[in-house]
Amino acid sequence: MANNTTRMSPEPLGKFASSLTGRDAASVRRRIEAMEHLLEGLFKIPGVNRKFGLDVILDVIPVGGDVIGAAMGAWMVWEARNLGMSKTQMARMFGNVGIDFLLGIIPVVGAIPDFLFRSNTRNLKIIKRHLDKHHPATATIVQR
């Protein structure tokens, strides 16, 4: 008797997994955009239409939350390094992460400058400029 077990085709999952783990510029762009959204734009404040994400929420955890946020921001710089970005661009990105970290460790009020500075959004812009110049096929058109 034949085995009638139904299984999900591995192909769709394989395409999704390779788009997240690939080393090509398009995969890196998707990962970095997803990380920036997680850190800076996960939630929206009603009425004000101001977005915030995990980076601000982590400020609730004294020092440790800022370290986690800085590590996640540094991961974006690591991805930039893998794209072959210049040392000047990466230094600027690390500077953004460092400023965000230093502003975030201020007790009690550290979430406010963290909410306003948005280092990960700044770093995403730097990376997108590099990708648009050196890998134009990865550019996406955003319809509003």
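Colleague: How close do the axes of helix 2 and helix 7 come, and at what angle do they cross?

Modeller: First a caution: this is a predicted model, in which local features need pLDDT of at least 70 and side-chain atom pairs count only at pLDDT 80 or more, while totals for chains, interfaces and linings use all residues. Residues are numbered from 1 along each chain as its sequence is written, and side-chain values use heavy atoms, with hydrogens and water left out. As for your question, the axes of helix 2 and helix 7 come within 9 Å and cross at roughly 165°. Here axes are lines fitted to C-alpha atoms, for helices over the stretch in contact, and angles run from 0 to 180 degrees between N-to-C directions. Helices (H or I, at least four residues) and strands (E, at least two) are DSSP runs, numbered from the N terminus.

Colleague: Roughly parallel or roughly antiparallel, then, for helix 2 and helix 7?

Modeller: Helix 2 and helix 7 are therefore roughly antiparallel, given that angles under 35 degrees count as roughly parallel, over 145 as roughly antiparallel, 65 to 115 as roughly perpendicular and the rest as oblique. Helix 2 passes helix 7 in a left-handed crossing, a term used if the near helix is turned anticlockwise from the far one by less than a right angle, with right-handed used if clockwise.

Colleague: Which residues meet there?

Modeller: On the helix 2 side they include Ile-32, Glu-36 and Leu-39, and on the helix 7 side they include Leu-124, Ile-127 and Lys-128, where contact means heavy atoms within 4.5 Å. The residues of this contact between helix 2 and helix 7 divide into 6 nonpolar, 3 polar and 6 charged. In that scheme Ala, Val, Leu, Ile, Met, Phe, Trp, Tyr, Cys and Pro count as nonpolar, Asp, Glu, Lys and Arg as charged, and the others, Gly among them, as polar.

Colleague: And how do helix 2 and helix 4 cross?

Modeller: Their axes come within 11 Å and cross at roughly 165°, which makes helix 2 roughly antiparallel to helix 4. The contact involves, among others, Ile-32, Met-35 and Glu-36 of helix 2 with Met-72, Trp-75 and Met-76 of helix 4, and by class it has 8 nonpolar, 1 polar and 3 charged residues.

Colleague: What about helix 5 and helix 7, at what angle do they cross?

Modeller: The axes of helix 5 and helix 7 (residues 119-134) come within 9 Å and cross at roughly 170°, so helix 5 is roughly antiparallel to helix 7. Among the residues in contact are Met-93 and Val-97 of helix 5 and Ile-126 and Ile-127 of helix 7.

Colleague: Changing topic, how much space lies in the largest pocket?

Modeller: The largest pocket holds about 240 Å³ of space. On a 1 Å grid over the protein atoms alone, a pocket is an open set of points with protein on both sides within 12 Å along at least five of seven lines, a cavity is a set where a 1.4 Å probe fits but cannot get out, and lining residues have an atom within 4 Å of a point. Grid points are joined across faces, edges and corners, and a volume is the space filled by probe spheres set on the points. The pocket lining includes Glu-33, His-37, Arg-50 and Lys-125, and by class it has 1 nonpolar, 3 polar and 8 charged residues.

Colleague: How many cavities of 30 Å³ or more are there?

Modeller: The structure holds 1 cavity of 30 Å³ or more, and the largest cavity has a volume of about 40 Å³. Helix 4 gives the most to its lining, with 3 residues.
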